[in-house]
Amino acid sequence: MTHTETLQSSGGDVRLRGISKTYGSFTAVHPLDLTIPAGSFFALLGASGCGKTTTLRMIAGLEEPTTGTVELSGRDVTDLPPYKRQVNTVFQNYALFPHLDIYENVAFGLRRRGIKSVKKQVEEMLDLVQLGPLARRRPQQLSGGQQQRVAVARALINHPEVLLLDEPLGALDLKLRRQMQLELKRIQTEVGITFVHVTHDQEEAMTMADTVAVMNGGRVEQLGAPAELYENPATTFVANFLGTSNLIRAGVVEAGGAELLLKAGDAELRLPARRCSAPARSGGQVLAGVRPEKVALAHADDAGTIAEGRNRLSGRIKDAGFIGVSTHYVVDVPGLGELAVYEQNIERDGRLVPGAETVLHWNPAHTFALDAEQDRQAGADLDEEAA
């Protein structure tokens, strides 16, 4: 039996049915149904106060639901205390015992259950989180990332069916956080346990999770694979909260076929009808969306060289920021406002500077459309907010 096989544990599925939480007149989580598949890496993503941590705490048994049920592996655990549920939680502050070394921190759960022979299991767990050589150090002698891995090892050694992670990387600096994202994903893949991860960091959720539930105002706004949410947002909140979107108010000229024809200002835009999440009818309105990195910029003098069939808008560069790997442009388009364009710095055109006349152009297939009744700014100001 290999090292991985001895650690491999069958993750359990989590089913929330009609679960909600109210505090007096305030509803933290509106009734929600959610199924988290066994063995998956699932992220609850949203800004502060969206209900994600409350949802996690109801799964853990740390918070009692106002309505609904929590099922783990087909078993109703709604009324069970935390210690009788096959779940363990890793918090942002790690909650390690400062007076115990790393080995004893990891062994704690086993010893508390009266297990005498802990050496093999503890060593396997320390190997899994790549901390074997540091076993006899105290927590304060470790970096934040190392402490976080100790907390994960201590939680996993009890072989929970579900590991709950509440903003586990929130205290780390950016570089270490990115490193730990890959590390946690590796650990989850290796042990096969269901991970439910709460975060306000979109990049973190999209890097690690198989499935992301975007929460807003105590409700799940959209659920799906990271690429699906990014490419096909169903609401303006998801479009803005997951990265940046240009949302352009446009009238529907032709609908009913495989392609929608829109009128935005003086320009015509096309997009695949299947990428429209709102009912589109001729004479109606939609918000046409395109991600900044899907858009290319051409100097106005080169407008004739742009390939036929691309969506195009004319404007004037208002701002340009060199970010290293790319340049971020803000382009003022008459009648439509300011649009963002992110261009990789491969062959930079020195003429594309503030004040220059330019043409924005992109593949119509990269356009999506949303209901025009929604708030165009929803979620746009929340991306950097701490949870």
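## Close-up views of a predicted model

**Overall view: the chain and its secondary structure.** The protein chain holds nine helices and 20 strands, where helices (H or I, at least four residues) and strands (E, at least two) are DSSP runs numbered from the N terminus. The model is predicted, so that local features need pLDDT of at least 70 and side-chain atom pairs count only at pLDDT 80 or more, while totals for chains, interfaces and linings use all residues. Residues are numbered from 1 along each chain as its sequence is written, and side-chain values use heavy atoms, with hydrogens and water left out. The C-alpha trace of the protein chain spans about 80 × 45 × 40 Å along its principal axes. Of the 387 residues in the protein chain, 50% are buried; here buried means under 20% relative accessible area, exposed over 50%, and partly exposed in between (1.4 Å probe, protein chains only).

Close-up 1: The structure holds 18 salt bridges, each defined as a side-chain nitrogen of Lys or Arg within 4 Å of a carboxyl oxygen of Asp or Glu. In one of them, glutamate 71 is joined to arginine 17, with the closest N and O atoms 3.1 Å apart. This pair links distant parts of the chain, since glutamate 71 belongs to strand β4 (residues 67-72) and arginine 17 to strand β1 (residues 14-23), 54 residues apart. Glutamate 71 is buried at a relative accessible area of 16%, whereas arginine 17 is partly exposed at 40%.

Close-up 2: Arginine 178 forms a salt bridge with glutamate 203, and their closest N and O atoms lie 2.8 Å apart. Because arginine 178 is in helix α6 (residues 174-191) and glutamate 203 is in helix α7 (residues 202-208), the pair ties together parts that are 25 residues apart in sequence. Both partners are partly exposed, arginine 178 with a relative accessible area of 40% and glutamate 203 with one of 36%. Lysine 185 forms a salt bridge with aspartate 210, for which the closest N and O atoms are 3.1 Å apart. Lysine 185 lies in helix α6 and aspartate 210 in the loop between α7 and β9 (211-216), so this pair also ties together parts 25 residues apart in sequence. Lysine 185 counts as partly exposed at 22% relative accessibility, and aspartate 210 is partly exposed at 34%. A network of salt bridges links Glu183, Arg186 and Glu190.

Close-up 3: A search of the whole structure finds zero disulfides, a disulfide being a pair of cysteine sulfur atoms within 2.5 Å.

**Close-up 4: the open sheet β2-β1-β4-β5.** Four strands form an open sheet in the order β2-β1-β4-β5, with antiparallel pairing, where two strands pair if DSSP finds at least two bridges between them. The edge strands β2 (26-36) and β5 (75-76) each pair on one side only. Strands β1 and β2 pair in the antiparallel sense over seven bridges, and isoleucine 19 stands opposite leucine 32 in β2.

Close-up 5: Strand β15 runs antiparallel to strand β19 (residues 357-362), to which four bridges join it, and alanine 298 stands opposite valine 359 in β19.

Close-up 6: The largest pocket has a volume of about 720 Å³. On a 1 Å grid over the protein atoms alone, a pocket is an open set of points where a 1.4 Å probe fits, with protein on both sides within 12 Å along at least five of seven lines, and lining residues have an atom within 4 Å of a point. Grid points are joined across faces, edges and corners, and the volume is the space filled by probe spheres set on the points. Among the 24 residues that line the largest pocket, those closest to its centre are Val87, Asn88, Thr89, Arg112 and Asn158. The elements giving two or more residues to this lining are β6 (87-90), α3 (102-112) and α5 (144-156), and β6 provides the largest share, four residues. The lining divides into 14 nonpolar, five polar and five charged residues, with Ala, Val, Leu, Ile, Met, Phe, Trp, Tyr, Cys and Pro counted as nonpolar, Asp, Glu, Lys and Arg as charged, and the others, Gly among them, as polar.
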